[in-house]
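The sequence and the structure are shown first.

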Amino acid sequence: MFAFETDAEYQKVLDWAEAFVRTEVEPLDHVFSNPYDRSNEAAMRAVRPLMRQVREAGLWACHLPPELGGGGYGQVKLALLNEILGRSNWAPTVFGCQAPDSGNAEILAHYGNDEQKARYLQPLLDGEIVSCYSMTEPQAGADPRLFTFRAERDGDGWVLNGDKWFASNARFAAFTIVMAVTNPEVSIHRGATMFLVPTGTPGVEIIRNVAVYGENPDDASHAYVRYHNARVPDTAVLGGEGRAFEVAQVRLGGGRIHHAMRTLGYARKAFDLLCERAVSRQVRDGRLADLSTTKERIAQSWIEIEQFRLLVLRTAWLIDKHNDYKKVRGDIAAVKVAMPTMLRNVVQRSLHLHGSLGVTPELPLAELLVTSEWLALVDGPTEVHEATLTKQILSGYEPSPDLFPRDHLPRLREAALAKYSAGD
Ligand SMILES: Cc1cc2nc3c(=O)[nH]c(=O)nc-3n(C[C@H](O)[C@H](O)[C@H](O)COP(=O)(O)OP(=O)(O)OC[C@H]3O[C@@H](n4cnc5c(N)ncnc54)[C@H](O)[C@@H]3O)c2cc1C
């Protein structure tokens, strides 16, 4: 019933992807900085032929259903592919599945009109443009009930006012999908609407671009954006008024699983460094590998990676089985919670064992440590997902019938005695 391997045919595909990423794609990370900057002609000259090879291999944008040009592979197979893509910053771009474009394409496919699909969806699917997704505000991220960014009806359109924060890649994007409060009288989950805002819309200004620590500040790509009386037509509304959260859900389920599997790629990179260091570095009594503390670090890291991998694959399998993200919300939340902790632990051990070299930019470890921190924030902080998971778990529990637990041993023994001594 349970097989811990994929079919032979797909394994061949994965083997091709693994060799391709290692030899052709990973080197891009050392030469070109931001995969979202389509205006970087030198980078695009190198990347376009690689994109073509991915298409020929049938692996382009394969998170998408076949009608949109994807492979229709299902989440388990996608998860296995994403584990390989996690080795390189550029790999998701080369394979046409980088966030937030992958999720934004799904939103446009579901809710865009014909004109929007022709103008934005097709170029996005073709990798010609990139996009931005903007929910977070300077004063509120984790709790949307504190959002104040407003859209108000005005004639046959809408007027947008307010600030957005950490709108990744806004400076490179052709359009932004932005969440706005349209009815402050009701709860945010019924009073927010999603808008498609083309770049260049008058009244939209990037105040500054913020870098994540470790990024080159010149390449900063998380935008602080101000909207001042920015007008959009009624057709900019995606999915209908008051339905922003329904629209947002379209992009989250699969996206989180793909992120999780890519995180395994980061963790393996740190783990490989850890193991190589252990067998290379000499200490007074032998190799680092011979110390009990090193053995513990390696064993714990291996176990945490494999445990996490199983959790992600099981969740991917559940998504394929139910084909309904609502049924697996708790499982996806569990993956989101486990992901940064697993990465942080493995990276921290590897970094520590590399001594001074570990904290320099000459190894990817310090940057990966920061990555583990932002993974605990992006798409909502850990605590929010713990609450989702716990809600699902506790929905299956009833309070105990009286002061003592249902499994209080005296209660169980009394019931067992009544059952088995009945015939005495
Ligand atoms: C690299 C990166 C890329 C991002 N890209 C985007 C993007 O493209 N678009 C976008 O809209 N946003 C983006 N974000 C923003 C991200 O979604 C927010 O950082 C996240 O939702 C948390 O919001 P915040 O930063 O305002 O922190 P806050 O909401 O202030 O939360 C800070 C901390 O407070 C605690 N906390 C807050 N609320 C609760 C709660 N209900 N229960 C328990 N504890 C709580 C948690 O410990 C949390 O970590 C990105 C963030 C990062 C780091």
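Pro-100 is found in the loop between H4 and helix H5 (101–111). The peptide bond that leads from Ala-99 into Pro-100 is cis, with omega near 0°. The model under discussion is predicted.

**Surroundings of Pro-92**

Helix H4 itself covers residues 91–94, and Pro-92 belongs to it. Pro-92 counts as buried because 22 C-beta neighbours lie inside 10 Å, the cut-off for a buried residue being 20 or more. Neighbours within four places in sequence aside, its contacts are Leu-85, Cys-97 and Gln-98. Between the C-alpha atoms of Pro-92 and Leu-238, which are 146 residues apart along the chain, the separation is 26 Å.

**Overall form**

The protein has 14 helices and 10 strands. Its C-alpha trace spans about 85 × 65 × 45 Å along the principal axes. For 424 residues, a compact globule would have a radius of gyration near 22 Å, and the 24 Å of this protein agrees with that. Buried residues account for 39% of the 424 residues. Of the contacts with a separation of 6 or more, 71% join residues 24 or more positions apart.

**Domains and core**

The domain assignment divides the protein into domain 1 (8–112), domain 2 (131–238) and domain 3 (246–394). The C-alpha centres of domain 1 and domain 2 are 27 Å apart. To the contact between these two, domain 1 brings 12 residues and domain 2 brings 11 residues. On the side of domain 1 that touches domain 2 there are four nonpolar, five polar and three charged residues.

In soluble globular proteins, nonpolar side chains tend to be buried together. Here the largest nonpolar core has 106 residues, and Phe-195 and Ala-270 have the most contacts inside it. Helix H8 (residues 244–280) gives the most to this core, with 14 residues. Beyond its neighbours within four places in sequence, Phe-195 is in contact with a set of residues including Trp-158, Val-178, Val-232 and Leu-238.

**Residues with positive phi**

Asn-169 and Asp-379 are residues other than glycine with a positive phi value. Asn-169 is in the loop between S3 and strand S4 (175–181), whereas Asp-379 is in the loop between helix H12 (365–375) and H13. The table sets out their values.

| Residue | Phi | C-beta neighbours inside 10 Å | Burial |
|---|---|---|---|
| Asn-169 | near 70° | 23 C-beta neighbours | buried |

Conventions
Residues numbered from 1 in each chain as written. Predicted model: local features only at pLDDT ≥ 70, side-chain atom pairs only at ≥ 80, totals over all residues. Helix = DSSP H or I, 4+ residues; strand = E, 2+ residues; numbered from the N terminus. Buried ≥ 20, exposed ≤ 12 C-beta atoms within 10 Å, placed from the backbone. Contact = placed C-beta atoms within 7 Å. Domains from an automatic or database assignment. Nonpolar A, V, L, I, M, F, W, Y, C, P; charged D, E, K, R; others polar. Core = buried A, V, L, I, M, F, W, Y, C linked by C-beta atoms within 7 Å. Rg over C-alpha atoms; globule rule 2.2 N^0.38 Å.
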